[in-house]
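Take the whole chain before its parts.

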Amino acid sequence: TAGSVLTEASALAWALLLKELLSLRAGSEERRQLAKFARSGELVSSLLTNLFHSLDLPRASSKRAEHNPSQRRLQDVAASIGSMAVSRLFAIEDVFPVSLDPETDQGAQMYLQLYCCVLRALPASARQWFSEIRDRHLSASIEQFTVKFLSPHLLAEEIAAVQRAQISDDDFTVNASKGTGDVVVTYKYEEAKMQMVIQLSPYYPLRPIAVECSQRVGISESKVRKWLLGITVLLRNQNGGILEAAALWKENTDKMFEGLEECAICYFVVSNTDRTLPKMVCGVCRKGFHHSCMHRWFSSSGKSNCPHCQSAWTTYKSPKA
């Protein structure tokens, strides 16, 4: 539970899960399902809370790390972990014999590799956990430590992934600049065109990502705002990289141009959790919803009515041909 100390068994279980997540192809169904499992309940929040309950990070304004051997050990380990390849994570010589004592090299490796893997594999979950920390001194210490030792490597990975993908065709391009740290997404549909700049913060992934429109042709201001909100939500909530969010946003925008109606709960055509369409239709207002969105609605509200028209829920059945 939150506030307790990690056990060796739970640490090893997380190490196996996170390494498997990172080894799966980005955007694959297997990776989405495993990330969905990891995000269920309070699993990630509990892991990170317990992890930093055990680690003794210096306060953001403190300089005691310079004279404290355990603090120097944490910093030395963190400096080597940020750029570590997935195949090298949780190597036997680094973390075995298993120790959860942060005063040992193995303990420091285990704690910080777990944290770095969560930032890489489950950035949205890490961001949500960080935003909910109420201890300002703790959050400042975590942010300072992350920005100094891990964020630069994570940002470089995102930029490199976009550059390797080389997504460039007539209607959709994604380019990245290593110098500015910006990702530029250009979308075209017939005569309409929009260019967005995704600005990766130095605090990535703990702080939200900013998106702005740099160019638009044949697209109304209201639609631009809607599209910016859509990709911002994807970047904030999905446990994946910039490329995955951009690809899902394009898929949704294509479907809207094709005339498909969005879900009246999440306002996406294609669900960002299971890639389904809003096929659950209210028998009264005829608004469509994703099954996953309706499941969350029924569970969280304790009601059995339509979230749009508030009438008692009945499923619309199209007349037989």
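Buried residues, those under 20% relative accessible area with a 1.4 Å probe and protein chains only, make up 45% of the 321 residues in the protein chain. This is a predicted model, in which local features need pLDDT of at least 70, side-chain atom pairs count only at pLDDT 80 or more, and totals for chains, interfaces and linings use all residues. Residues are numbered from 1 along each chain as its sequence is written, and side-chain values use heavy atoms, without hydrogens and water.

The protein chain holds 12 helices and seven strands. Both are DSSP runs numbered from the N terminus: helices are H or I with at least four residues, strands E with at least two. The radius of gyration, taken over C-alpha atoms, is 22 Å. The C-alpha trace spans about 75 × 45 × 35 Å along its principal axes.

Now the helix pair. The axes of H8 (residues 136-149) and H9 (residues 151-165) come within 4 Å and cross at roughly 55°. These axes are lines fitted to C-alpha atoms over the stretch in contact, with angles from 0 to 180 degrees between N-to-C directions.

Which residues meet? Thr 146, Val 147, Lys 148 and Phe 149 in H8 meet Ser 151, Pro 152 and His 153 in H9, with contact meaning heavy atoms within 4.5 Å.

Methods:
Rg over C-alpha atoms; globule rule 2.2 N^0.38 Å. Buried < 20%, exposed > 50% of the residue type's maximum accessible area, 1.4 Å probe, protein only.
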